[in-house]
Amino acid sequence: MTRCFHCGEAIPEGVAIFATVAGADEPVCCPGCKAAADWIAGLGLDGYYRMRSEPSLRPPESVDFSAWDRPALRRLHVREHARDRAEIVFLVEGLRCAACGWLIEQTLGRVPGVREVAVNAPARRVRLEFDPTTVSLAALMQRLAQVGYMPQPLDAGALDSARTREDRDALKRLIVAGLGAMQAMMYAVALYAGSFDGIEPATRDFFRWLGFLVATPVVLYSARPFFAGAWRALKARHVSMDTPVALAIALIYAASLVETFLHGSDIYFDSVSMFVFFLLGARYVEMRARHRTGDLVDALARLQPSTAERLTESGSESVGVHELECGDRVRVAAGAAIPADGVLVSGACSVDESLLTGESVPVRRNRGDAVIAGSIALEGPVEIRVERVGADTVLADIVRMVTRAATGKPALVCEADLRARRFVLRVLALTLVTALGWAYFDPSRAFAAALSVLVVSCPCAFALAVPTALTRAVAVLARRGVLVVDGDALDRIARADYFVFDKTGTLTRPEIAPAESLVHRGDAADALAIAAALEQGSSHPLAVALREAAGAARLPFVANRRNVEGAGVSGRVHGRNYRLGNAAFVTGGDARLDLVLADEDGIVAEFAVRERPRAGAARALAALRADGVGVGVLSGDRADRVDAIARELDTSVLGSGATAAAKVARLEALRSQGHFVAMVGDGVNDAPVLAAADVAIALTSGAAIAQAASGLVLAAERLDELARVRIVARRMHTVLSQNLNWALGYNLAAVPLAALGLVPPWLAAIGMSASSLVVVLNSLRIGATRAETRREQPAARLAGVPA
Amino acid sequence: MNIILLLIPLSIVLLVAGVAALFWAIDHAQFDDLETPGLMPLTDDRREPPP
């Protein structure tokens, strides 16, 4: 089968369009791809085809960008620096690899009036500086669409300069702290050696001042976020995690400085630098993880279209979505996204809400029914009366939920913070008692003893115990395609002893069974090829299944393809009119199987649809059972189908034909039996069920709302990672309590000795550094064993899938 | 031993130079995108000089 040179889709039979790229004729699938390829080659940019690692998007058919130039939209998205200098940052759909970034820079950079184009490929963002008096934004966006990229506006407030600055600042602080800590430790080694072998006081003081020199930028520059955080907390009259850290840094630094001046016994510039470096390292990892979740929010925000077609008395006009008001009537073309929550005022239509709810089957909406922003009208055009706009829409609610989940602090960390805070208050009290006690008995030793208590009990082991373990576990899982939305979910999944699975879409996917299908006329392979051709370009699970079943067969060319009424598709193939869909749509209800193909003379073929367990589902269940975890299926599907799948996967059935309420009741029953229940699912019916479980895991191919209600997001084709997620989570649990026990045990042993004056401050400093090193190294053990990282052989490709 | 009076200040000067170089690199977007620039040498850039 030939594939399109530009977009990589299969080229239908009978299509012979060629684009000339680098002197050779390359086959393409449609005039749009030809235009894009010719355009790219004509500009001398054909290097793109050599560099890209992903096929391009099929160029969108004509899109109207005039709304981008409307003042209301520009006010929100464009930052005007001067009359002839404006800046915009937008997201680009279809920006898949670095070569795309290069192509966009080249394409836009050649337009007169463009001052600067900067593409950030990982974040899919483009920053464009242009001269609005020379070139209009709409023309630039048109140019971008011509090469196959869809621009999506971002709020001007979301200009990523803030994020970039945060990233750069953190990196700088980390580098200063790291280099400073290394130098300070080197000088400290000389001092430690000197205190054993003897050292001239002058040389000793020289090294002390050197330590001061390198520790000063670490404390005054790198540690500034801690001081700022402590100061903010102080102004708000409470104590934050930054308070003890800032206090400890300031006290150790000041005490060391005083000691250096007084030619006292010991200094701690190395300890303070190392402490700052470790804490900043943990924060840096945490910040990177937070920015990654920011991308998820962007993806959700992109669901809402940026422009809408508003109906007026004289006709219609293209306006920015932000200009819509309640009561406006908008027209939505077939296949376009609905711009605002509203009520359908034209006739019935099917709506694809899969991106919002995970329900892959289109939903039927009649006149007067509510439709939500971000869903896609499958037929059209339809008319909608706007009811809620902007921040009031359901979509905006979901985005807010995800944002909150991404920025909230896990209870685990809060708890550790609280513990460390109490600990610090006690240590401060103890330091005071020690100082007063020694001042009474032997004033000359008061300062050294008090300092020993402060240094030896430095809260860093406590402060690092939880965040290092948590960030390490999140990082290990992220490398395996598992996104941790809520840090607490990891803690809870480690405790879960019962995993409940949804069936449809979670454990299974639909598949065409050629053996059970009925062919009334002609050849089975031809019928399948025609059906697959009719469904080409659709992402519906059944359409994907049909294309897989057709395999490498040459697909015929389809003319007049139409999606009809959400029940099927029709089109002209080989000069005959075909219809494909459910029995009611194709024949009026007279067929035996689920999916029917018919032409003008009646039924050609009926395809049997059966559900097939997802790759990895059996392995995931077996691995969980081997760990002694209870496993069950809870589904809304018919009992016989659920039983068949449960038998195939060797698992128990908790319920079939269950409504969402019944599922919730079943989960409650399990919990009241003392089980700690994890729910794995996707789909709209699952959202309340996911929320009712102790911990929820959503699959990425599923719903945004399900993700919002869940703590973990897993790629659907990586279901077999589930057991490993649990192993990593349990490991994190173990490491975490080891860390806390170590910090507690160390402090209980060391603090009393220090208070009695038995620990010289230099030993205290080594103890403190070592205790935090132990915590960090212990956390790094997560993900270090084979069971947690081993990559299994990729699942054998399903039969019929072209390699 | 007096050699350390020369070598240690020298090492600190080098340290400062290193930090300054890294700051310059970070401020000039050298660490913002670690993927795209790697492809740049593979292309023949035929962009005309600005008029």
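In which strand of chain A is A:Ala118 found? The residue belongs to strand β5, which covers residues 114-120 of chain A. The structure is a predicted model, in which local features need pLDDT of at least 70 and side-chain atom pairs count only at pLDDT 80 or more, while totals for chains, interfaces and linings use all residues. Residues are numbered from 1 along each chain as its sequence is written, and chains are lettered from A and ligands numbered from 1 in the order in which they are written.

Chain A has 27 helices and 29 strands, whereas the secondary structure of chain B comes to one helix and zero strands; helices (H or I, at least four residues) and strands (E, at least two) are DSSP runs, numbered from the N terminus. Of the 803 residues in chain A, 45% are buried, and of the 51 residues in chain B, 4% are buried. Here a residue is buried if 20 or more other C-beta atoms lie within 10 Å of its own, exposed if 12 or fewer, and partly exposed in between, with C-beta atoms placed from the backbone. Among contacts in chain A between residues at least 6 apart in sequence, 66% join residues at least 24 apart, a contact being a pair of residues whose C-beta atoms, placed from the backbone, lie within 7 Å.

The largest nonpolar core contains 123 residues, and those with the most contacts inside it are A:Ile249, A:Val276, A:Ala473, A:Ala678, A:Ala693 and A:Met732. Such a core is a set of buried Ala, Val, Leu, Ile, Met, Phe, Trp, Tyr and Cys residues joined through C-beta atoms within 7 Å. Its largest share, 14 residues, comes from helix α25 (residues 721-755) of chain A. Apart from this core lies another, of 60 residues, which includes A:Ile88, A:Val117, A:Val126 and A:Leu378. When neighbours within four places in sequence are left aside, A:Val276 is in contact with A:Ala177, A:Val218, A:Val219, A:Ser222, A:Ala223 and A:Ile249.

Helix α25(A) has 35 residues and reaches 50 Å from its first C-alpha to its last, close to the 51 Å expected at 1.5 Å a residue, where the expected span is 1.5 Å times one less than the number of residues. The helix is followed by A:Gly757, whose phi is positive, near 80°. A:Leu744 is found within helix α25 of chain A and is partly exposed, because 15 other C-beta atoms lie within 10 Å. The C-alpha atoms of A:Leu744 and A:Ala461 are separated by 8.7 Å, although these residues are 283 residues apart along the chain.

The axes of α16(A) and α25(A) come within 8 Å and cross at roughly 100°, the axes being lines fitted to C-alpha atoms, for helices over the stretch in contact, with angles that run from 0 to 180 degrees between N-to-C directions. The two helices, α16(A) and α25(A), are therefore roughly perpendicular to each other, since angles under 35 degrees count as roughly parallel, over 145 as roughly antiparallel, 65 to 115 as roughly perpendicular and the rest as oblique. The contact is made by A:Leu490, A:Asp491, A:Ile493 and A:Ala494 of α16(A) and by A:Val725, A:Arg726, A:Ala729, A:Arg730, A:Met732 and A:His733 of α25(A). By class, this contact has six nonpolar, one polar and three charged residues, with Ala, Val, Leu, Ile, Met, Phe, Trp, Tyr, Cys and Pro counted as nonpolar, Asp, Glu, Lys and Arg as charged, and the others, Gly among them, as polar.

Helix α16 (residues 487-495) of chain A also approaches helix α13 (residues 411-441) of chain A, their axes coming within 7 Å and crossing at roughly 95°, which makes α13(A) roughly perpendicular to α16(A). A:Ala411, A:Leu412 and A:Val413 in α13(A) meet A:Gly487, A:Asp488 and A:Asp491 in α16(A).

Most residues other than glycine have a negative phi. A:His574, in the loop between β21 (568-573) and β22 (576-581) of chain A, has a positive phi of about 50° although it is not a glycine, and counts as partly exposed with 14 C-beta neighbours inside 10 Å. A:Asp650, in the loop between α21 (639-648) and β26 (652-655) of chain A, has a positive phi near 55° and counts as exposed with 11 C-beta neighbours inside 10 Å.

Notes
Two residues are in contact if their C-beta atoms, placed from the backbone, lie within 7 Å.
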